[in-house]
Amino acid sequence: MKKVDLIVIGAGPTGIGCAVEARLKNKEVLLLEKSGAICQTLLQFYKDGKRVDKAYKGCEGTNYGHIPFEDGTKESTIETLQNALKEHKIEPVFGSEVESVKKENGLFHVSTGGGVYACENIIIAIGRMGKPNKPDYKLPSSLNKIINFNANSVQGGEKILVVGGGNSAAEYAVDLASGNEVSLCYRRKEFTRLNDINLKDLTEAGQLGRVRLRLGVDIEAVEDEGGKAKVRFNDGASELYDRLIYAIGGSTPLDFLQKCGVAVDDKGVPLMDENKQSNVKGIFVAGDIATKNGASIVTGLNDAVKIVEFLG
């Protein structure tokens, strides 16, 4: 397990700014990005040639950070950020979607599909856009209330099918088994992405019959049968469930914050102090995720300065 001073989650402008400011303070920093490239919001939602301005939505226009960001275009902005990464010898770890964050022995343990990392502090610098992954087959809209992508709606005493083979799926299954009848379906015959703790807990729960493991089996269809979810498996079996929980990657920003233990207000804005530190000591929020309606790039870069100065 690799240990660093600081983990930054999200390689957009704010995350890159945080990594640069931390590097300038001689901190060992790890920049995690779940996609395969930096600046996903710019890449996906900005047309080629679209202007990117410093003064945006009335936000602060003075850049106190060390990335020389000026008015420009989508392309010039991305080039500026790429150059900053290169200049400060920062290599984002792509394909690193964070599956869980836990604190043990004074350090945060951040689990991703590619491994587990330990750190003293975390900066969450993801955008406000995001959504959980959904299966290829159609999910009946009539079952929207009982087909979930987190465990927030579980009532207790339910028959639940958790779908997925990552750490989130394992944690849902084990945690929910104390008050529900839980099965876990994973299309592969073995778990390859679980950290040691989750693998141990889930294996034990399966052996003791607390969680029914359906490994090497995939789902072909989900149907509404009397308000319950009828799941048809590719081994010919079918079964009724009170609730389905999909944990197959992706999350909304709110789900992600909850996964990290970060509390939010009634508008979904993280609770934080003047230094952008959340209710979880050592976890900070910066940029878009720290606002109600989004922030400018300069706001994110300035958040990075404020947080790293506080960390010393």
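I noted the ground rules. This is a predicted model, where local features need pLDDT of at least 70, side-chain atom pairs count only at pLDDT 80 or more, and totals for chains, interfaces and linings use all residues. Residues are numbered from 1 along each chain as its sequence is written, and side-chain values use heavy atoms, without hydrogens and water. Helices (H or I, at least four residues) and strands (E, at least two) are DSSP runs, numbered from the N terminus.

Next, the helix pair. The axes of α1 (residues 13-24) and α7 (residues 297-311) come within 8 Å and cross at roughly 30 degrees. Axes are lines fitted to C-alpha atoms, for helices over the stretch in contact, with angles from 0 to 180 degrees between N-to-C directions. α1 and α7 are therefore roughly parallel (under 35 degrees). On α1, the contact (heavy atoms within 4.5 Å) includes P13, G17 and E21. On α7, G300, A304 and V308 are among the contacting residues.

Then I checked the sheet. It is open, with five strands paired in parallel in the order β9-β16-β10-β11-β12; pairing takes at least two DSSP bridges. β9 (147-148) and β12 (211-215) are at the edges with a single partner strand each, so one side of each lacks a neighbour in the sheet. Five bridges join β10 (residues 159-163) to β11 (residues 181-186). I located L161 opposite S183 in β11.

Last, I looked at α5 (residues 196-207), which lies across β11 and β12 at about 105 degrees to β12.

Notes. Parallel < 35°, antiparallel > 145°, perpendicular 65-115°, else oblique.
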